[in-house]
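Have a look at the model before reading on.

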Amino acid sequence: MFEYEILVIILLVSFMALIFTGFPLAWVLGGVSFVFMVLSLTVLNWFGVDTYFLDDWNDFAIIVDRIWAQMQNWVLVALPMFVFMGLMLDRSGVADKLMANFTKLFRGLRGGLALTVILIGVLLAASTGIVGASVVLLSMLALPPMMEARYNKSLATGVVASSGTLGILIPPSIMLVIMADQLSLPVGDLFMGAVFPGLILGALYVTYVIVAAMVRPDIAPAPERAETVTWWDVLGVVWSIVPPLLLILAVLGSIFAGIATPTEASGIGALGATLLAAANRRLNIEVLRRVCRETMLTTAFIFGIFLGATAFALVMRSLGGDEFIGGLLTGLDVEPWVVVVIILFVAFIAGFFLDWLEISLIILPLVAPVVDALGFDLIWFTVLFATTLQTSFLTPPVGFSLFYLKGVAPPGITIGHIYKGVIPFVILQIIAIILVFQFEDIVLWLPDQMY
């Protein structure tokens, strides 16, 4: 008798192998699903092989209903709006003002430019949630002055790449929106649960820069002629922070207060970012056209992968993949917390080769029911999983933040500098994962207080 587990393993291995061919992921997911459907309904059935699969071609037609339901999902309407908000905010000039004013405030400190990048990264993360745009923007704003100030190239690139990546975790995060959809969890709860883990990451980055600059003064030198900070400099920082803070308050505040759903709040954010661009005289027809076009392309890319992942999930579940993965994990003779650690380790390793989107759409729905059955809180686990996936942006060879950074980095910065620079920040992210794992209240306290 043909064991259905073998087909599950072959399906997963085939998917992993085809990713490295360079084919678009949506086609890989859909193509592998179709091939295994045909394999089961024709060849294996001819030989009388029991695969625990679909009985006939009509059964696979359920994919149409699943795709239709995906397109009708009200939660996913927030995706294009949050993407638009992030792209428009990057063109609004807010980051330019933040960079100029924070630089004046920290100009006398050793490592002041690096601290400026981290603080701006946190503010952008809470306003945009678009990693690529944030990394590119921070690279263009911060790397030239850091190189001029003789900062260590690895430290400079590591700070920029890691700070720009905070947007995938700190709400409003498109990753959390997608995870909420996949697991049928409230988006607002995930947003609230991710606030403190994101801030902890930012605090760890700041601590590392301060300590590194004290231990090795040459990697983040203080300016030779530091000017005295005045009250006007402080007021300038406050004035530049107010617009993004108001946008954050409008989006996250309306969600946390129960005034608006995440989908409605995403519309508020898109309008707010547009008004900020207009207030800074950065809004025109060309900017609006480009932002709309990039929003369309990004949204189409995400939903294309959604459709492929929907087909893949149908085939995987029909093959008995859920039972296979669940039995494999629950059958381990270990404590429940060890199972969670194994899942996080697999996600961490997968992040070296896969993007967060593939892992969120394929691996997370398979392991979340197991974690739930073991008695763990799904909100806590999902935020913990999201914190783990943040490392995928910084781990080679498929760390997208590394490629974004290299594409706009000044001459003289090599990929070696970038790889070396992100290592300490990956370690800091692992420390944050351990903290969230050990102390559930980091995630659960704020949702509990709000409700």
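Q: Which residues of helix H20 are buried?

A: In H20 (residues 441-450), they are Ile442, Val443, Leu444, Leu446 and Pro447. Quick ground rules: this is a predicted model, where local features need pLDDT of at least 70, side-chain atom pairs count only at pLDDT 80 or more, and totals for chains, interfaces and linings use all residues. Residues are numbered from 1 along each chain as its sequence is written, and side-chain values use heavy atoms, leaving out hydrogens and water.

Q: What covers the buried residues of H20?

A: The cover includes helix H10 (187-215), helix H17 (378-389) and helix H19 (415-438). A helix here is a DSSP run (H or I, at least four residues), numbered from the N terminus.

Q: Why is Glu440 called partly exposed?

A: Its relative accessible area is 31%. Glu440 sits in the loop between H19 and H20.

Q: What makes Ala161 count as buried?

A: Ala161, part of helix H8 (residues 153-165), has 0% relative accessibility, so it falls under the 20% limit. Setting aside neighbours within four places in sequence, Ala161 is in contact (heavy atoms within 4.5 Å) with Val135, Leu394, Ser401, Leu405 and Val422.

Q: How do you know that Thr274 is buried?

A: Thr274, in helix H12 (residues 262-279), has a relative accessible area of 16%, which is under 20%, so buried it is. Beyond neighbours within four places in sequence, Thr274 contacts Phe84, Met88 and Leu283.

Methods: Buried means under 20% relative accessible area, exposed over 50%, partly exposed in between (1.4 Å probe, protein chains only). Helices (H or I, at least four residues) and strands (E, at least two) are DSSP runs, numbered from the N terminus.
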